[in-house]
Amino acid sequence: MKILITGAAGFIGTNFLKYAVPRYKDIFFYCYDKLTYAGRLSNLVPLLVNDNIKFTKGDLTDCDLLTAIFSKENFDAVINFAAETHVDKSLICCDQFIKTNILGTQILLQISNDFNIKKFLQISTDEVYGPVDYPHRLNEAACLKPSNPYAISKASADLICLSYFRSYNLPVVITRSCNNYGPYQFIEKQIPLMIYRAMNNKYLPVYGNGSNIRERIHVEDNIRAILVLLEKGKAGEIYNVSTGIGISNIDLVRILLKRLNKPESLIRFVKDRINHDKRYAMNSNKIKKEFNWKPEIDLEEGIDTTIEWYMNNYEWIKGCFTEEFNLFIETNYGELF
Ligand code: NAD
Ligand code: DAU
């Protein structure tokens, strides 16, 4: 079996490949990534010694390059991780979110359809549902009410995916997961940013009053869900992937500080995110019932191993601060980093 993995050098892509490449020797993983500020080839270098993986640098919107690769490689399946993923960035400038997440996905769908791909797994997000009032939890039939430009670009991509299934029978499966954490997550995201700043005794910026609620899933639990859906997910279906446990941002930051043995006086409440969704909440009964998947890593255990990873990989954190990223944060974030 040969699979195209887009966005391979990002957070979830890297963790997916580290998990799957050594375990699935009968699968060939063809990695494709533009290597934006969020993607790092060095994440994958140790894996490239294996016979069942290869890397090509390229853009999701590069129709010619992708067509040439598809013509040569005879893929069975595609997993589309590639995306612009940071909500705050999408609120500053969303052009690239539209290009990559919407247009890029459509181009990939069209080529996948032209080459009769047997499974197209779209990696989507709980953000497409928008905020959910307590105590409700949404299943896959819920309406999409995305709020921010990132969420809107992902919801658009989901709908285009479904249109390729409905119109051309392309076997598309969509997975919508909640907020992932773990190793290799780019420093702009809350958990790695808080760990990095606490390690350096810098204040921890909490947006608004910290009461916004997210479900946090360890990336390895999500990867097991993705692998189940790659094998068994039904064409045209959507699967939520979540823990069923919401936690507020302020409670999460307190847990991080406790595990890092740092004082709560480091917490600083700062200006809120524009249009900050109050609460995301899904139920994952479908994937649980149909395929017996469940999350296995509890938050405190997952946070401990994540903190340990960042502490042991400080050089990796420093690698996030490229000239491009430094310029971006200088222009847009002031002293937050
Ligand atoms: P990430 O930002 O860490 O990685 C994204 C990767 O995509 C990077 O390697 C980047 O170089 C690549 N990329 C970006 N634009 C590209 C383009 N035009 N062409 C080719 N490659 C491009 O993101 P992540 O957290 O690993 O997210 C992966 C996927 O999972 C995304 O589709 C995201 O929407 C989805 N998702 C993420 C989470 C989460 O909590 N991290 C939750 C639900 C869904
Ligand atoms: O829920 C899934 C989504 O999770 C994915 O689709 C996105 O790609 C991924 O980036 C993530 O989005 P979030 O906006 O939830 O992640 P982020 O880490 O940016 O923020 C998490 C919460 O923490 C959010 O409520 C905003 C808040 N926050 C974030 C930062 C960076 C802070 O309070 N302070 C911060 O400095």
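**Ligand site and backbone**

Author: This is a predicted model. By class, the residues in the shell around ligand 1 are twelve nonpolar, twelve polar and four charged.

Reader: Which residues come nearest to ligand 1?

Author: Ile-12, Asp-33, Thr-85, Tyr-150 and Lys-154 come nearest, out of 28 residues around ligand 1.

Reader: What does the side chain of Tyr-150 have next to an oxygen atom of ligand 1?

Author: An N or O atom of that Tyr-150 side chain lies 2.7 Å from the ligand oxygen. The protein covers 96% of the 840 Å² of accessible area that ligand 1 has on its own.

Reader: Which elements give two or more residues to the shell?

Author: Those are α1 (11-23), β5 (119-125), α5 (149-168) and β7 (179-181). With three residues, β5 gives the most.

Reader: And what about backbone atoms, say of Gly-10 and Lys-34?

Author: For Gly-10, a backbone N or O atom is 2.9 Å from an oxygen atom of ligand 1. For Lys-34, a polar backbone atom is 3.1 Å from a nitrogen atom of the ligand.

Reader: Changing topic. Where is there a cis peptide bond?

Author: From Tyr-134 to Pro-135, with omega near 5 degrees. Pro-135 sits in the loop between β5 and α5.

Reader: Which non-glycine residues have a positive phi?

Author: Asn-201 has one of about 55 degrees, and Asn-275 also has one of about 55 degrees. Asn-201 is in the loop between α6 (190-199) and β8 (204-207). Asn-275 is in the loop between β12 (267-270) and α9 (285-291).

Reader: Why does Asn-275 count as partly exposed?

Author: Because its relative accessibility is 48%, and exposed would need over 50%.

Methods
Residues numbered from 1 in each chain as written. Chains lettered and ligands numbered in written order. Predicted model: local features only at pLDDT ≥ 70, side-chain atom pairs only at ≥ 80, totals over all residues. Heavy atoms only, no water. Near = heavy atom within 4 Å. Polar contact = N/O pair within 3.5 Å; in protein donor to acceptor, adjacent residues only side chain to side chain. Areas by Shrake-Rupley, 256 points an atom, 1.4 Å probe, with all protein chains shown as cover. Helix = DSSP H or I, 4+ residues; strand = E, 2+ residues; numbered from the N terminus. Nonpolar A, V, L, I, M, F, W, Y, C, P; charged D, E, K, R; others polar. Buried < 20%, exposed > 50% of the residue type's maximum accessible area, 1.4 Å probe, protein only.
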